[in-house]
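Me: I would like to go through the helices of this structure with you. Could we take them one at a time?

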Amino acid sequence: MAQGNNYGQTSNGVADESPNMLVYRKMEDVVARMQDEKNGIPIRTVKSFLSKIPSVFSGSDIVQWLIKNLTIEDPAVYLCKRTMQNKARLELADYEAESLARLQRAFARKWEFIFMQAEAQAKVDKKRDKIERKILDSQERAFWDVHRPVPGCVNTTEVDIKKSSRMRNPHKTRKSVYGLQNDIRSHSPTHTPTPEMKPPTEDELQQQIKYWQIQLDRHRLKMSKVADSLLSYTEQYVEYDPFLVPPDPSNPWLSDDTTFWELEASKEPSQQRVKRWGFGMDEALKDPVGREQFLKFLESEFSSENLRFWLAVEDLKKRPIREVPSRVQEIWQEFLAPGAPSAINLDSKSYDKTTQNVKEPARYTFEDAQEHIYKLMKSDSYPRFIRSSAYQELLQAKKKGRTIPIFPCHKNCTPTLRGSTNVL
């Protein structure tokens, strides 16, 4: 009897928090729910030929109660519904497909009923508004990500038994009525009181708000999207890799013939070089002929000052330190000073910061202004250049083997552009 009275307690009278007790607590909660008079397992009296057997329930009653109250079927309905929806956005992961197959084997006899439930839920979802449907989908997926996490992740809805067993000083629970008479909350030795939570301070709330704002602003990509982008990039540049595709006339990395490099630096660009200008603005800028053609196009649109300013700032970064102050003033007077002959358009924030930087000239004085102009050309001027008839005609001429004369820079082109061979 002494041993029974100390059930769930250590030798010093404190309730045990061992891994076994954690399991017992869950089992006890389930048993208590089974014994509930209204929602528990139905108990009845069975009449025999000459006797009555009171308080009887069968094993099938227990199984049906567990299926009904422990939501064993819900994951199966959810996963089955996922297979009926947009596969590109809600495609099952490998571990989810394995779980679905395992549940299908476990509920083989009633799988048709589960499928009907999933189908009915999917039909109801289709009738909802698009935004509401997206919100409900994300909420449902978040719920199952928490309650059925990826294998290997910690299930936050369960107690980690191994971690609990490693704890030197587990959280002490209140003693039960088996050892003390002052616990009026529960008749079980395994229930723990709800700890008192202090309300967060204003500084803590501000830190939480700042943290979640940073999380919302983070740019996230699915691993599948990253892999697709990497494959697309590889396919796009594969013909420019001399180790994957043998170049014409020969590979300079494997032979002493430098003809390939000489052709790459020539004023007559090959079809591959012209095609590469369309991959991105950086590709056009780092090719001397591509820069000249891009500048010629900007001159036709009366916006060549943007590219000339960008190139002048790139040249500034490579100048000797003794020449930097004078060159900063030259760039300021030509592009940014009031009444400048080649004034560029900047937002107020970039202009104010550049104005302050000019007072202490350095190689990166115009960094903010250069970044603003770069984004402006990339989003506006460059796409029009790629769609222009001049670029398309040059591309088609190189495909057919014809030669189109490459015009020199405009007369207002800076010496930096004329003499530079590799800006980037």
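What follows is a short exchange on selected helices of this predicted model.

Me: Let us begin with H19. How many residues has it, and how far does it reach?
Reply: Helix H19 covers residues 367-387, which is 21 residues. From its first C-alpha to its last it reaches 29 Å, close to the 30 Å expected at 1.5 Å a residue.

Me: Where is the kink in H19 centred?
Reply: The kink is centred on Met377 and amounts to about 40 degrees. Met377 is also one of the buried residues of H19.

Me: Which other residues of H19 are buried?
Reply: Among them are Ile373, Tyr374, Ser381, Tyr382 and Phe385.

Me: At what angle do H18 and H19 cross?
Reply: The axes of H18 (residues 348-358) and H19 cross at roughly 150 degrees and come within 8 Å.

Me: Which residues meet there?
Reply: H18 contributes Ser350, Lys353, Thr354 and Asn357, while H19 contributes Asp368, Ala369 and His372. These contact residues divide into four polar, two charged and one nonpolar.

Me: Changing topic: why is H4 described as largely enclosed?
Reply: Helix H4 (residues 74-82) is largely enclosed by the rest of the structure because eight of its nine residues are buried. The buried residues include Lys81 and Arg82, as well as Val77 and Leu79.

Me: And Asp315, buried or exposed?
Reply: Asp315 counts as buried, because its relative accessibility is 17% and the cut-off is under 20%. Asp315 lies in helix H16 (residues 304-318).

Me: What does its side chain contact?
Reply: The side chain of Asp315 makes a polar contact of 2.9 Å with that of Arg319.

Conventions: Residues are numbered from 1 along each chain as its sequence is written. This is a predicted model: local features need pLDDT of at least 70, side-chain atom pairs count only at pLDDT 80 or more; totals for chains, interfaces and linings use all residues. Side-chain values use heavy atoms; hydrogens and water are left out. Helices (H or I, at least four residues) and strands (E, at least two) are DSSP runs, numbered from the N terminus. The expected span of a helix is 1.5 Å times one less than its number of residues. The bend at a residue is the angle between axes fitted to the seven residues ending there and the seven starting there. Buried means under 20% relative accessible area, exposed over 50%, partly exposed in between (1.4 Å probe, protein chains only). A polar contact is a pair of N or O atoms within 3.5 Å; within protein, one must be able to donate a hydrogen and the other to accept it, and residues adjacent in sequence count only if both atoms are side-chain atoms. Axes are lines fitted to C-alpha atoms, for helices over the stretch in contact, and angles run from 0 to 180 degrees between N-to-C directions. Contact means heavy atoms within 4.5 Å. Ala, Val, Leu, Ile, Met, Phe, Trp, Tyr, Cys and Pro count as nonpolar, Asp, Glu, Lys and Arg as charged, and the others, Gly among them, as polar.
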